[in-house]
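Hi,

Here is the structure I promised to pass on. Have a look at it first, and my notes follow below.

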Amino acid sequence: MSIDPETAVRGIMRERAKLLGFALSLLGDIHLAEDVVQDVVTLAMRKSDQIRDESHLLPWARTVARNKVYELRRANRRQGVGLSDEVLELLDDRWAKLDQTDSTQRLDFLRHCMRELTERSQRILKLRYVDDQKGEQIAATLGVKVRSIYTAMTRIHSSLAECVQRRLQAADGGHA
């Protein structure tokens, strides 16, 4: 039993953020990570007969992505792309555990937590992630020092992570 190409692509696109995050964490380059995700989608269309069912899809896609990352690392060895193989294995184990969580629920929690941020924090996030501005540009836009933007971003990320974690624990009955 296997899934059809359309189901494979829909499933990968539904979990695209997880897969992109996985590739980005291994490569540190958003463009290379996007290329990896596109390669995974293409391969899923061609080899959907190798994917048992939808529950097997994300682990299969992550394995393919990891292999693509290894290929990139070998091709760019002189440029120092990526992390050590040991670190990659540790990250892979962590990502496998994250596969078991509901990304839609996490995203809903993140949206809720973002609404709880101050207007200034929301604006900084918008400038960074929607308008794709770098720290220096955000500082110039807001008329503050670059260091204060990086400090604010660190605090915002920590605050969001803590808020999402609290909500996950509450949703899991305090056992997350």
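Let me start with S159, which is partly exposed, with a relative accessible area of 34% (buried means under 20%, exposed over 50%, and partly exposed in between, with a 1.4 Å probe and protein chains only). S159 belongs to helix α9, residues 146–171 (helices are DSSP runs of H or I with at least four residues, numbered from the N terminus). From S159 to M114 the C-alpha distance is 9.3 Å, although they are 45 residues apart in sequence.

A word on the model: it is predicted, so local features need pLDDT of at least 70 and side-chain atom pairs count only at pLDDT 80 or more, while totals for chains, interfaces and linings use all residues. Residues are numbered from 1 along each chain as its sequence is written, and side-chain values use heavy atoms, leaving out hydrogens and water.

Next, the largest nonpolar core has 24 residues, of which I12, L19, V36, V40, L57 and W60 touch the most other members (a nonpolar core is a set of buried Ala, Val, Leu, Ile, Met, Phe, Trp, Tyr and Cys residues joined through side-chain atoms within 4.5 Å). Helices α1 (5–14), α2 (16–27), α3 (30–46) and α4 (54–75) each supply at least two residues of this core, and α3 gives the most, with eight. Another core, of 16 residues, lies apart from it and includes L117, L127, A152 and V164.

Finally, T7, A8, G11, I12 and R14 in α1 meet E54, L57, W60 and A61 in α4 (contact means heavy atoms within 4.5 Å).

Best wishes
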